[in-house]
Amino acid sequence: MAEATENEIIDERQYIVVKLGEEQFGIDIKYVDNIVRMQRITRVPKAQHYFKGVINLRGEVIPVMSLRLKFGLKEEEYKNSTRIIIIKLEPQSAIGIIVDEVREVVNLSSDNMEKVQYDATGANDDKLRYLSGIGKHNNGLISILNIANVIIEKEERAV
Amino acid sequence: MDVSQYLDIFIDETKEHIQSLSDHLMILEKEPDNEDTINEIFRAAHSLKGMAGTMGFTRMQRLTHDMENVFSEIRSGNMTVKSNLVDILFRGLDALEEYLSTIQQTSSEGTEDNEDIINDLNAVLQEGTGKEAEKPAEQPKPAASSAPASASEKEKFRSIKLQEYERNVIEKAKNENQNVFGITVYIAENCILKAARAFLVFKALEELGEVVKSEPEIQDIEDEKFEFDFTVILLTKNEADAVKEAILNVSEIAEVYLDKLTVDEAPAEVAQAPAQEEKKKEEKPAAAAPAKAAAQAKPAAAPAKAGAEKKKAVVNRSVRVDIEKLDVLMNLVSELIIAKNGLISVGSGESGQRNDSSFNEQIEYLERVTTNLHESVMKVRMMPIESVVSKFPRLIRDLNKKLNKKMELFMTGEETELDRTVIDEIGDPLMHLLRNAADHGLESNEERVRMGKPEVGSIFLDAYQDGNNVVIDVRDDGAGINIEKVKKKAIEKGTITEEQAESMTDKDVIDLLFRPSFSTAEKVSDVSGRGVGLDVVKSKIEGLGGDVEAKTVLGEGTTFTIRLPLTLAIIQALMVELGNEKYAIPLNSVQTIEDVPCTDIKYVQSSEVINLRGTVIPLVRLDAILDVAPREEEPESLTVVIVSKGEKLAGLVVDNLIGQNEIVIKSIGKYINNNKMISGAAILGDGEVALIIDANTLV
């Protein structure tokens, strides 16, 4: 199947679809280094509130943030399906993102993507910055995360 | 031939030679008659020249050559060492360093000719020795100038331009009775692979002797960047006919013109040639070596430059390691394997019935080996601080002139070893502190005399090991820091209020100096006083995990003390428990551990202190600082870990002690807001992550 899709369109990308509550989010697969189960997190005092702490991933210490807290949602309860997605924006500095569930990997072409309109939900401006678009897939909508904006905090936003 | 693989070695060795030149020049200035020093200088300059030539850095070579000329005149007693001469030589050294750093970054030497320095050198040379300076340059001229007279148009070698070092090589070869041929080769115009033909010619020539010069350069010829002719100068013991025949043996060669570049020696040569054959064979390697160097220099430059364009930072950071240290490492690794095998045999032996005592034995063995291994690896990374501080005497000499103050630098403990990464970073802060001491610390000479101090100011740089730290003191015997002046300035600048100034201790005031943009120098000088200073020093040193503090006695001088950790990656730590979280406190800052009854807690300015054997120590409630849920009921006594930073002490209140552990420090990444209290994280034996508390920030 992969071969077939590769031949079809070039500007098609693969996304990992994760769930937070009822909403689906897509993360560009090229940033994903690993997906691990929930494990013991060591709290880091005085860190940003959405950082849960650090974990030990095969000898590396990796900070872990809660996507729910980052997006202002209710703090998660850890379930069997909770996962930590290890993101690597640049080599040598990985970061973990806690999500409720990892659904699947989808291919989305630019035809199936819509740009986010900034004035659509003016009240929720903050959250929009974290999105790079909305993808349509199997009658469902996937909010594509602008992962760099999610991870790298702008100074202006005091916690 | 590609010499870029030798670039690292070249850079290392050049650094050493430049340093040695600088050191000995300093000595020479003080003791102009010291023969050993002059010889040492000459040797270093000579090796520098040779190395630069081999690597194809011709500008660098030219400069060193001219410097060497001066040294050689000094050595032979034709010139005396004067201060202005040393100045020029130092300028030359600076220029060499400039070349070196350019080479380090781009692997080419750049385009700066440093003509002014060379001119100055030659001027000094002439002034000091009269006509003699001209001699080496003029000697080859008769050969060159006699040539045009008989030059036919096709004998292009008659008009070939020679570099001075090439002339020297030719001169030397002549003295050793080698033939010097100028050869112009014409390749047939219908030749397709002219580069290949040219290559074969070179190969043939190199079997006969040494090619010292080629026009166009060998690299260009290899790239087919020439018409149908090329010209070379060959040093050989063979006769003209033999050479000519060898060249014509290569097919598609149209014509060969060849002649001796000097005519006068030829007859003797012919007559004695067979007799001298044996003798010359012996001489040849020695004579050929510089010639070869010169010949290789040209093609070498081109690949090196091409490489530079492709990748910018060419030079890897390397450490030179004593072979003994590596042997120790090797031994330890083999022991590690033995220990592993021991464990396997204990584990698999006697089916399921593990022998506990031999198991423990193996664990102990393993521990011993890993401890030793750690120590050795750290040792490999260690370098004596000398490599940084050795350039400082020169710095002080320059400042002497610039500031017009007489001062001297006294250094001790140059052999103290520090981690390589620290060594790389510590140079700038130290230099800054020295400048500070020279500019602000020391008074002017007149003032010193008035104060009844010796006219010449002294600056001391002392390095020594103190437990797990290395301490570097930068001390001057100058005026000291005027506390009141600093206070006034701070109030003026709005850094502190007057009320604050009242209650500040002297130490607090001195700490103000480390704040950003705080300079008390009345006038901005070339040397320092721009207010970007001590704060940079402080942040740099803190970045290395160390700290810096200042002590001063008004009228007697100032001491800046830098404290640096000996090792960076692996430390011994005290593991403590707070609530259900584990934290590590580096053992080198832990003084003692005390059990303090709650009734012993006193209050000073409403903060908790304890009086421990006569010392008042502030208490730090770690659980509050680290947001750990406090214990439900206050116990009767507290476990207090007394930590120190310099002479200051603080008591950290913890819930429980776990024990001592060897931990590997890991960064917690840049994304997470890192509080300064947490210096990193460590992975414990059970895979859990524990944070490391930087006790220095809590004291």
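Trainee: Is the crossing of helix 17 of chain B past helix 22 of chain B left-handed or right-handed?
Mentor: This is a predicted model, where local features need pLDDT of at least 70, side-chain atom pairs count only at pLDDT 80 or more, and totals for chains, interfaces and linings use all residues. Residues are numbered from 1 along each chain as its sequence is written, while chains are lettered from A and ligands numbered from 1 in the order written. Helix 17 of chain B passes helix 22 of chain B in a crossing that is left-handed.

Trainee: How do helix 17 and helix 22 of chain B run, roughly parallel or roughly antiparallel?
Mentor: The axes of helix 17 (residues 420-441) and helix 22 (residues 534-543) of chain B come within 10 Å and cross at roughly 150°. Axes are lines fitted to C-alpha atoms over the stretch in contact, with angles from 0 to 180 degrees between N-to-C directions. Under 35 degrees is roughly parallel, over 145 roughly antiparallel, 65 to 115 roughly perpendicular, the rest oblique. That crossing therefore makes helix 17 of chain B, relative to helix 22 of chain B, roughly antiparallel.

Trainee: Which residues of helix 22 of chain B make the contact with helix 17 of chain B?
Mentor: Contact means C-beta atoms, placed from the backbone, within 7 Å. Helix 17 of chain B brings Glu425(B), Asp428(B), Pro429(B), His432(B) and Leu433(B). The contact divides into four nonpolar, one polar and three charged residues (nonpolar: Ala, Val, Leu, Ile, Met, Phe, Trp, Tyr, Cys, Pro; charged: Asp, Glu, Lys, Arg; polar: the others, Gly among them). Helix 22 of chain B supplies Val537(B), Lys540(B) and Ile541(B).

Trainee: How many nonpolar residues has the contact of helix 13 with helix 14 of chain B?
Mentor: The axes of helix 13 (residues 323-348) and helix 14 (residues 356-381) of chain B come within 9 Å and cross at roughly 160°. These two helices of chain B are therefore roughly antiparallel, and their crossing is left-handed. Leu329(B) and Leu336(B) are among the residues from helix 13 of chain B, and Leu366(B) and Leu373(B) among those from helix 14 of chain B. By class, the contact has five polar and three charged residues, and its nonpolar residues number 14.

Trainee: Which strands of chain B each supply at least two residues of the side that touches chain A?
Mentor: Here 19 residues of chain B contact 19 residues of chain A. On the chain B side, ten residues are nonpolar, four polar and five charged. Strands are DSSP runs (E, at least two residues; helices are H or I, at least four), numbered from the N terminus. Those on the chain B side are strand 21 (678-683) and strand 22 (689-693).

Trainee: How many residues has the largest nonpolar core?
Mentor: A core joins buried Ala, Val, Leu, Ile, Met, Phe, Trp, Tyr and Cys residues through C-beta atoms within 7 Å. Val54(A), Ile97(A) and Val641(B) are among those with the most contacts inside the largest one. Val641(B) touches residues including Leu574(B), Ile585(B) and Leu652(B). The residue count of the largest core is 69.

Trainee: Is Ser606(B) buried or exposed?
Mentor: Ser606(B) has a positive phi of about 55° although it is not a glycine. Ser606(B) sits in the loop between strand 15 (602-604) and strand 16 (607-612) of chain B. Buried needs 20 or more other C-beta atoms within 10 Å, exposed 12 or fewer, partly exposed in between, with C-beta atoms placed from the backbone. Because it has 5 C-beta neighbours inside 10 Å, Ser606(B) counts as exposed.

Definitions and conventions
Two residues are in contact if their C-beta atoms, placed from the backbone, lie within 7 Å. A crossing is left-handed if the near helix is turned anticlockwise from the far one by less than a right angle, and right-handed if clockwise. Lists of a residue's contacts leave out its neighbours within four places in sequence.
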